[in-house]
Amino acid sequence: MKKSTNDNIFRNILDHVLRMSENPGQFTEQLLQQIHSLLGARIVVVALKTKNNEINIFSVFPAERKIWANQNAIKKLAAQSHSSKEIQLIENKTSNKATSLLLRSIGVEKVISIPLIVSSKVEGSIVMFDIIGKYRPDELLNILEELSEMFAQTIRNASLYNNLESKVEISTIEFKKQNEEVAVQESNDNSGNKFLVGIINDTTDSNEADEALKKSEEKFRSLVTNLPVGIFRSTLEGKVLSVNPAMVHIYGYDSEEELLNVPAHKYYTEKSPREKMLSILIKKGKLLNYETLENKKDGSLIWVSVNYKLIHNNDSKTDYIDGVVIDITSRKQAEELLHKSEANYQNLVEVMPDGVYKSTDEGVFIDVNTAMVNMMGYANKEEFMAIDIKTELYFDIEDRESVTLQEDLKEMRVFRMKKKDGSEIWVEDHGWLTVDTDTQKVFREGIIRDVTERKRFEETQKIILEISQFADQKISLVSFLTFVHKKVETMIRSNNFYVALYDKDSDTYTFPYHKDEIDNYEYDRTYNLKNGYTDYVRRTGNRKLITVDLKSEIYKKDKVIGYGEVPSVWLGVPLRLEPESEAIGVISIQDYQNLDAYSELEMASLEIIANNIGKFIQQVSYFNDHKRAKEKAEESDRLKSAFLSNMSHEIRTPMNGILGFSSLLKQTGLTGQTKDTYLKIIEKSGARMLSTINDIIDISKVESGQMKISISEVEINEQIENLHAFFNPEAIKKNIQLSYITGLKRHESIIKTDLDKVYSILTNLIKNAIKYSHEGKIEFGYKIVNFESESFLEFFVKDTGIGIPANRQSAVFERFVQSDIEDKHVYEGSGLGLTISKAYIEMLGGNIWMESQEGIGSQFYFTIPYIQSEEAVPKSKFVKTESTTVPQKMKLKVLIAEDDEFSNTHLSILLKDISKEILHCNNGKEVISVCIDNPDIDLILMDIKMPIMDGYEATRQIRGFNKDIIIIAQTAYALIGDREKALEAGCNDYITKPIDKMELYNKVSNLFI
């Protein structure tokens, strides 16, 4: 580059500097500002040697001087620059390790060092940080080489003048008449150079003395006139007595005369009153380096640094103020800019969403921002900064120690950190080390970002991949869901986890997988969860996090309740075959203790898994359905064979008794007692066979959906008492103590339910308890229980019988299966009683379950809704009791409508004692015709199932012309609901086949008496 170009650059620099400042302090600041602006250095620092060869920071742009004076790294770099008389380019990537570490510790990549040489000695240096200008480094070095000497001289002079007030004291020399003296003041500049300021009086020659004094005064006057700092004298009252040109220039006046006419108090502002400064001055005698805001002539404000001294004039007894004024407006503006910059930086750090920290290497925080505090779950900075980083913030201390001195001292890592509540958070730590080069103390700084959501998403995707690979194997649905649960547990606390699948046809749920600390749902058993949390999530198709506060809200709004033991927090997400398809079920996790166990993050992760495993569940279920269908078919064949075998046994055994002992009755010579014994065996065998047939018919109606509910008012206490009265004789025969408990007062026990079904359920359970107990005791009864907002009656039957083996307990409610069906000591019975009872209970809106221990006994429980009746007279289920009383004085005209010959004959025999005439018909049409021809008929025994026209239709037509005739329906159906149908058709009562003589007499008596 040509020299003329360099000269132009330098002249440009000096032109800016000289135009903008006339005092040394400002001159230096403006010089550095121009170097910064024109040569392209981000930061410019001037460092000078002291007489003790130490390094001091003289001036910095644009940073505050006091801040950089504490930067040991900069002093080290400046000291390194002083070791050479050459301009140096120091770069991070090419320097030695020590220098590179210094550069990194202050966050710069390269610097240029310019030696300040005075009299062939390096007295200091200018250090330019991060060159960002338009010149290449080699061009810049060429420019600076030519300008370094001028920089050195300029800065040296600036240093001298800037320290003039503290280095030079002007003394008034009083000539002593009898001594010849030289009044001299010795002083030093910053570089250790000595100089003399004084007044010489030569007493040997008066003229020479006068001349010397004159010259000294001229030098002093010249010095005061040309100094770029304001110098003045004023009275305490504010009368300005003298000023120098610099003072006039600083305050913007046109001449010294103009300024002398302005009272001193005009300079001062309300924020910096003159009275305050005077009080300090009078008290201490001087005012040093006092910074204040003052007025210029044009009304603008300037910052000045003043040094005042109170002068006592002993002659006139008038006190004066002598002072030096330095314009520091540029520095103050730079400080203000720096302050704003630092404030903006602090504000930026505080509003950052990422955490920012600085700590000691030992594990103590120095500073953190608010985001860091919130991220880790603490209440405030003070609480967070008080923790021990090594023990309270990291799950694994190696995560912190892994931040090591790499080549660039920076590294990005992802690891877990511990929040205040002990939960984990995944963070991305962009951390680095800073080193104090004097003390070698290491600090850790960095920016932390919460990447838990990102990490969770990555883990979720990995889990989905593993699940998809596992699903390709030939596995059961339980195995598949067990695998899913284990994978979910790796990222979400899920001790209590279940999958519920919905069946649209039955509006029920099954639990192919269920793990819970408290509740237990059986595998593949159907459950009615209507308006429960699971059903709510499935119906709405929306994920839900149900907390304590939300429970009451969703109940009030949607009547949603929890089933089973209600957890502290419940989280459920819909399970779909495709992301936008209708939910086929629900995946749920729950916690019974920790209210804050789950958040939106866990819910979102579980939903992603649910959206992706639905198709795998379908795939696994398809395979399992085929496998289950095969197993079910095989089991069905086995059960069918077992059932048919059992039915054959249950029918042939009593039939053998009936036919066998009927044959024996034909023998001659039988005694009356023997005949009675045979007849009782025949009766008992008939009753056993009838019970088996009734069970078969009932289960057939249940499975075909023909079984209906018939609600009436029932007094439960009365039914309990009747059952006890009926079964107690049989229990006594087996040395069994039979007792009962009622949970309500009699009027409270009147409820709305199906009497026949409740009675049938209890009868089945009590009969089984007696059957499977050889002695001991049986207790049955009920109590009232509340679940959410509903009340139920919970019935129980407890025995001390043989119990049920654990491996057979799940089968006791299955169709056609006795718990001991494979045992060689099979108890008589069809094995359908519990299956029918379970069906009845579920139809009534309840549940049935059991507890049993082999050899100790069994306890069966079932519930039905407690719907209290307002009616005072309930229906009763009377227990059939034997009676030997025959109705007297009854000579009835009876019509027997029966198509079966033997039944017709049997009825004729039963009715002969109460009849005067018996008519017979074998179809409904005949019955109607006979009734029209015989209006005096008293009683019709109407068979329901007859050819041509059945009994129901015949009854309806008879009621069209005869409403008074008594009609008793008689049928072999004997099914629940048949009685109601008969009464609805117009019959007065109902009796089932085989017809019992005493029961028939009782009904006739009730209808005619």
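This is a predicted model: local features need pLDDT of at least 70, side-chain atom pairs count only at pLDDT 80 or more; totals for chains, interfaces and linings use all residues.
Helix H5 is followed by Gly107, whose phi is positive, near 75°. Residues are numbered from 1 along each chain as its sequence is written, and side-chain values use heavy atoms, with hydrogens and water left out. Helices (H or I, at least four residues) and strands (E, at least two) are DSSP runs, numbered from the N terminus.

Stay with H5 for a moment. The helix covers residues 97-105, and Thr99, Ser100, Leu102 and Leu103 are buried there. Buried means under 20% relative accessible area, exposed over 50%, and partly exposed in between, with a 1.4 Å probe and protein chains only. Seen down the axis of H5, the buried residues fall within an arc of 155°, so they line one face of the helix. The arc is that of the directions from the helix axis to the C-beta atoms. The face turned away from this buried side carries the exposed residues Lys97 and Ala98.

Now step back to the whole protein. Its secondary structure comes to 30 helices and 34 strands. Of its 1009 residues, 45% count as buried. The accessible surface is about 53,800 Å², and 49% of that belongs to carbon and sulfur atoms. Accessible areas come from the Shrake-Rupley method with a 1.4 Å probe; for residues, only the protein chains shown count as cover. Contact means heavy atoms within 4.5 Å. Among contacts between residues at least 6 apart in sequence, 59% join residues at least 24 apart.

Next comes a sheet. Strands of a sheet pair through backbone hydrogen bonds, either parallel or antiparallel. Here, two strands pair if DSSP finds at least two bridges between them. Five strands form an open sheet in the order S19-S18-S22-S21-S20, and the pairing is antiparallel. Strand S19 (508-515) and strand S20 (544-546) are the edge strands, each pairing on one side only. Neighbouring strands are turned by 20° against each other on average, direction ignored. Axes are lines fitted to C-alpha atoms, for helices over the stretch in contact, and angles run from 0 to 180 degrees between N-to-C directions.

Six bridges join strand S18 (residues 496-503) to S19, and the two run antiparallel. Leu501 has Thr510 in S19 as its bridge partner. Helix H18 (residues 477-489) packs on the sheet and touches S18 and S19; its direction makes about 60° with that of S19.

Helix H19 (residues 533-540) is mostly covered, with six of its eight residues buried. These are Tyr533, Thr534, Asp535, Tyr536, Val537 and Arg538. They pack against S18, S19, S20, helix H20 (548-558), strand S21 (569-575) and strand S22 (585-591). Gly541 follows H19, and its phi is positive, near 70°.

Gln737 stands opposite Lys777 in S26.

Gln853 stands opposite Gly857 in S29. The hairpin of S28 and S29 has three residues between the strands, and there Gly855 takes a positive phi near 85°.

Finish with the cysteines. How many disulfides does the structure hold? It holds zero; a disulfide is a pair of cysteine sulfur atoms within 2.5 Å. Cys921 is in no disulfide, and the nearest cysteine sulfur, that of Cys931, is 7.3 Å away. Cys921 counts as buried at 2% relative accessibility. Cys987 is buried too, with a relative accessible area of 6%.
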